[in-house]
Amino acid sequence: MSDVDRQLLDPCLSTNSRAVTQEQGCRRIPRADNPADTKFGQANSRPAEEEAMRSGGTLAEPTYSSYLQIGRLLDLQRPLSTPEHHDELHFIVTHQAMELWFKVMIHELNRVQQYLADQSWTQAVTKMRRVNAILTAQTAQLDTLTTLDPQAFMGFRRFLGSASGFQSIQFRALELLGGIRDPAYLNQLRHSYDGHLPPLLAKMAAAPSLAETASGAPEAAGVRDWCDVYADPNCHGQLFLIGEELIEYDRRWIIWRQAHMLLVEQIIGPGQRGTGGRSTRYLQHNAHRRHFPFIWEVRNRIAEANGSPGEPRLL
């Protein structure tokens, strides 16, 4: 396991925040003033619900708590602020929930890519709709953080050290899986990890992207290209619906990125740098990243074919 993977599993191993964790200490032991420790048990102990599943060496009927591992789940929120800031729990839960959804999105997009390769068009459409619904929920989750006022965030920000959303491996995996792989981005990504991508990102970068698979879907179905698909959507209905879901995926990411940028500006100010050292200008620069430019380009061609003036011309 790489250092980055260990850090993903245990933020206390972050070398960048070592000074903070040494000074404050990561809470690895139960605390009397922490309901998660007193009510749900220690992280290293096997929850009672899980023990109850085993009887005489066989699995007992699962319960809601044992199936979802509620005891362990509720013990994963470990605020670092001392004394504990009341708004830090919300901050942690929101980001943990986002990482869980990222995990589901990666899983589902891999399925979409396989369905496209297998020409299982209906399955590809339904799973892309699921991903888009998840992305909409993600944006709504971000919106809950707009209730975090600047002074409240400053109350626990210093305890975060250099921990930042820019360090999210799954977020980067989604970008690579979708098809964001321009040379400047890849160089920047490798630089972030001292030239060695974590295993998940290395795997994504080495495999074909969803965009690559999607770009060849019409030809695999006996259609020349996406322009022909959109020229006769009734004839190529399933491919047309796939194209629309891929466009929706890009659209919803743009909405998410803009919402994230505005959230950061709302909490720390438009000209400030976040805990990861990046300014909101970086967020502005990347707000309109698109995974499927070849389908967006179809819109241009349709407009031009129907007499759109296109780019303004000098008289």
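**Notes on the predicted fold**

1. Pro83 sits in the loop that runs between α6 (70-73) and α7. Helices here are DSSP runs of H or I with at least four residues, strands are E runs of at least two, and both are numbered from the N terminus. The Thr82 to Pro83 peptide bond is cis, with omega near -5°.

2. Before going on, a word on what we're looking at. This is a predicted model, so local features need pLDDT of at least 70 and side-chain atom pairs count only at pLDDT 80 or more, while totals for chains, interfaces and linings use all residues. Residues are numbered from 1 along each chain as its sequence is written, and side-chain values use heavy atoms, with hydrogens and water left out.

3. Overall, the protein chain has 18 helices and two strands. Of its 315 residues, 39% count as buried, meaning under 20% relative accessible area with a 1.4 Å probe on protein chains only; over 50% is exposed, and in between is partly exposed. Among contacts (heavy atoms within 4.5 Å) between residues at least 6 apart in sequence, 71% join residues at least 24 apart.

4. Most residues other than glycine have a negative phi, and most peptide bonds are trans. Gln119, in the loop between α7 and α8 (121-144), has a positive phi near 60° and is partly exposed at 37% relative accessibility. Asp194, in the loop between α11 (183-192) and α12 (199-206), has a positive phi of about 55° and is exposed at 70%.

5. Now α16. Within α16 (residues 237-268) lies Glu248, which counts as buried at 17% relative accessibility. The Glu248 side chain makes a polar contact with the Arg252 side chain at 2.6 Å. Such a contact is a pair of N or O atoms within 3.5 Å; within protein, one must be able to donate a hydrogen and the other to accept it, and residues adjacent in sequence count only if both atoms are side-chain atoms.

6. The largest nonpolar core has 59 residues, and Met105, Trp226, Ile242, Tyr249 and Trp253 have the most contacts inside it. The largest share, ten residues, comes from α16. A core is a set of buried Ala, Val, Leu, Ile, Met, Phe, Trp, Tyr and Cys residues joined through side-chain atoms within 4.5 Å. Leaving aside neighbours within four places in sequence, Met105 is in contact with residues including Val131, Leu174, Tyr249 and Trp253.

7. There are twelve aromatic pairs: rings of Phe, Tyr and Trp (its six-membered ring) with centres within 6.5 Å, called stacked with planes under 30 degrees apart, edge-to-face over 60 and tilted for the rest. Phe91 and Phe153 are a tilted pair, 5.7 Å centre to centre with 40° between the planes. Phe91 is in α7 (residues 88-117) and Phe153 in α9 (residues 150-157), so the pair ties together parts 62 residues apart in sequence. Phe153 also pairs edge-to-face with Phe156, at 5.4 Å and 85°. Phe156 is buried at 0% relative accessible area.

8. On cysteines: the disulfide count is zero, taking sulfur atoms within 2.5 Å as the rule. Cys227 is partly exposed at 22%, whereas Cys235 is exposed at 52%.
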